[in-house]
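This report looks at ring contacts and domain layout. The structure comes first, then the details.

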Amino acid sequence: MAKPVDLRRFTGFRAITWLCLFVLYAPLVIVAIYSFNDSTSITRWGGFSLKWYVDVFTGPEAPKFRDAAINSFTIAIGAAVCATLIATAAAVAMNRAGRFRGKTASLALINLPLMVPEIVTAVASLVFFITIGFKTGLLTIFIAHIVFCIPFAYLPISARMQSVPDTYEQAAMDLYATPWEAFRLVLLPLMVPGILSGFLLAFIISLDDFLITNFVKGAGVETLPTAIFGSVKQGIKPNIMAISTLLLGVSVVFVTLSWIIGRAGQSKR
Amino acid sequence: MTSTAAVATANAVEIDNVVKRYGFVTALHGVSMQIGDGEFFTLLGPSGCGKTTLLRCIAGFEDVSEGAIRLHGQDIAPLPPHKREVNTVFQQYALFPHMTVLQNVSFGLLRLGWSVSDAEARAKQVLELVQLGQFAERRPGQLSGGQQQRVALARALAPRPKVLLLDEPLSALDLKLRQAVRSELKAIQRETGIAFVFVTHDQEEALTMSDRIAVMSAGHVQQIGTPREIYEAPSNRFVADFIGETNLLDVTANRVSDGIAEILLPGGARLSCPAALGARAGQGHLSLRPERLGIAAPGQGQLQATVEDHVYLGTDTQLHTRLGSGEALVVRLQNGAAAIPERGARLGLEIEAGAARLLSD
């Protein structure tokens with residue numbers, strides 16, 4: 001009959017909460033606010049203005065950002081599509097193929113990229129491409145992104161598949177569906193929320209990646225994160241804050257979408 | 001029994017010495033049975049007895065380790081589930097949640113290559129049979145449990161399977177609904193003439209619906225027979241104990257011949273009663289159905305007992321008595337027929353015809 005412990009009563013609970021929230025979000029809030037600053041200073045407020053957003057699309061650096069954005073979105077969509085296909089196939093094998101030799105090892109291999117330090121993956125990828133004589137450029141970014149997106153796509157897809165009992169496919173096969181028809185007509189439609197959620201997550205991970213991209217991108221090829229980093233090296237201008245805020249907005253929208261789709265899929269059953 | 005030639009038989013399903021092993025565990029130890037065409041056949045047993053495993057072997061979701069399963073004389077053991085002309089009503093129905101009721105019911109027909117219009121016409125016809133015609137465009141999630149159960153039945157019946165398999169289809173319904181669905185299910189079975197293989201652990205369900213019952217336990221068939229045979233002539237201790245209520249007494253059988261046993265009862269009285277196949281002379285178990293025991297004055301009847309307790313059950317009263325030799329014995333008396341003896345009263349018990357049966361182990 002013990003009363004449930006109320007975490008909010010702990011000494012310092014409020015202070016620690018606020019500290020964590022402050023450290024996490026204050027920089028983002030400041031960048032977002034100062035992106036609307038009318039002055040050229042990045043520390044002094046000079047009134048509200050949209051001029052740095054206009055500058056991003058029309059200013060001297062606009063062509064550079066535009067090309068980088070096109071690269072970023074092309075790679076993110078392509079890599080997310082490929083990673084989602086591979087992750088779906090992997091999830092089917094892991095959840096529906098029964099027990100097989102090396103299953104645990106396979107699961108570890110699928111999720112390993114989440115554990116390996118990104119800098120190690122970046123260096124290893126670069127060394128790999130050089131060793132096999134692959135010219136670095138858009139294609140190497142694309143391949144590297146597919147690889148590190150797979151575990152991010154896999155997690156929601158696999159979670160969803162685990163929540164779909166295999167009696168549905170058994171019922172389909174009992175009603176004369178071949179294994180392929182049972183997958184296409186019954187399992188796949190029930191998996192859609194998980195697959196969409198996985199796709200969006202992979203998309204945003206690819207869109208935001210800097211470290212690996214920077215290693216394997218080759219000279220003259222930029223994505224949005226590397227282009228922003230390039231500009232920052234010559235001093236932070238308010239247009240960087242504007243473009244960062246835009247990127248933040250895209251991320252928030254996609255992550256939220258992914259979350260909503262995942263939840264809608266859960267509550268439907 | 002060695003019919004190698006595929007003779008045309010009246011049997012819908014023949015289970016021939018089927019063994020199913022999972023690693024070191026054996027779920028079915030050489031099970032055999034014949035299920036007649038148009039028969040309502042029930043696999044009855046406690047959980048873990050192998051009844052669902054056997055059903056899944058017939059459906060094709062499990063491979064048999066040994067033995068054959070024949071559907072109208074054809075061995076189907078090597079066929080995958082989608083090539084077997086049997087359909088299943090699943091315990092949790094497994095209705096496709098992303099399809100309408102009509103799409104669910106026409107699913108099997110479309111896989112068999114029917115045109116969409118033919119499939120939908122047939123689906124509507126079957127939905128009428130289960131009285132769900134007006135729900136064709138609903139999703140399964142919008143239906144009640146009882147309605148979902150009928151959609152599952154319609155979906156499995158639509159392709160006119162040679163055999164319909166039902167895996168505890170009533171267990172997810174509440175008691176009132178379950179009783180109503182029983183007679184409905186039986187009526188549909190008669191109307192369609194399709195053999196039903198029905199899995200349940202509920203003996204009342206089995207007794208009221210089945211043409212024949214196979215009682216299973218621990219991967220063995222204990223007895224196959226009509227509900228009356230199973231209840232009134234249980235072949236062994238397990239069946240007598242599992243079906244209905246019974247008293248089991250340790251007795252000595254002096255002689256068993258021609259299905260009649262001469263028994264020495266506790267207290268010294270002698271009784272001559274039917275013996276199950278395989279029951280032998282010597283120490284054995286005697287089944288005494290509580291509702292076929294009558295009370296008499298002390299000193300009368302074949303057994304002497306003392307009343308320890310009674311339990312009022314509405315139509316009946318259960319007397320818990322103890323014999324002079326120490327065994328407990330339950331007697332069931334209809335209320336209103338005669339005075340119910342008080343606690344502590346001594347009385348004689350008369351074993352009516354059909355009450356006693358010597359069992360094999």
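A residue is called buried under 20% relative accessible area, exposed over 50%, and partly exposed in between. By that scale A:Phe229 is partly exposed, because its relative accessible area is 37%. The model is a predicted one.

**Aromatic pairs**

A pair of aromatic rings is described by the distance of the centres and the angle of the planes. Over all chains, a search of the whole structure finds 14 aromatic pairs. One of them joins A:Phe199 and A:Phe203. The ring centres of A:Phe199 and A:Phe203 are 6.4 Å apart and the planes meet at 25 degrees, so this pair counts as stacked. Planes must be under 30 degrees apart for that label, and centres must lie within 6.5 Å for a pair.

Where do A:Phe199 and A:Phe203 sit in chain A? Both belong to helix α8 (residues 179-208). They are four residues apart there, so about one helical turn separates them. Their surroundings can be read from accessibility. A:Phe199 is partly exposed, at 21% relative accessible area. A:Phe203 is buried, at 3%.

A further pair is A:Phe210 with A:Phe229. Here the centres are 4.9 Å apart and the planes stand at 55 degrees, so the pair is tilted. This pair links distant parts of the chain, 19 residues apart. A:Phe210 lies in the loop between α8 and α9 (211-216) of chain A, and A:Phe229 lies in helix α10 (residues 224-233) of chain A. A:Phe210 is partly exposed, with 26% relative accessibility.

Which residues form one aromatic cluster? They are A:Phe73, A:Phe199, A:Phe203 and A:Phe254. The stacked pair A:Phe199 and A:Phe203 is thus named again in this cluster.

**Domains of chain B**

Chain B is divided into domain 1 (3-232) and domain 2 (245-359). Taken over C-alpha atoms, the centres of domain 1 and domain 2 of chain B are 39 Å apart.

An unreviewed UniProt entry places the feature "domain: ABC transporter" at residues 13-243 of chain B. Over residues 13-243, chain B is 36% helix and 27% strand. The end C-alpha atoms of that stretch are 25 Å apart.

Key. Residues numbered from 1 in each chain as written. Chains lettered and ligands numbered in written order. Predicted model: local features only at pLDDT ≥ 70, side-chain atom pairs only at ≥ 80, totals over all residues. Heavy atoms only, no water. Phe/Tyr/Trp six-rings, centres within 6.5 Å; stacked < 30°, edge-to-face > 60°. Helix = DSSP H or I, 4+ residues; strand = E, 2+ residues; numbered from the N terminus. Buried < 20%, exposed > 50% of the residue type's maximum accessible area, 1.4 Å probe, protein only. UniProt positions renumbered as here; feature names shortened; annotations may be inferred. Domains from an automatic or database assignment.
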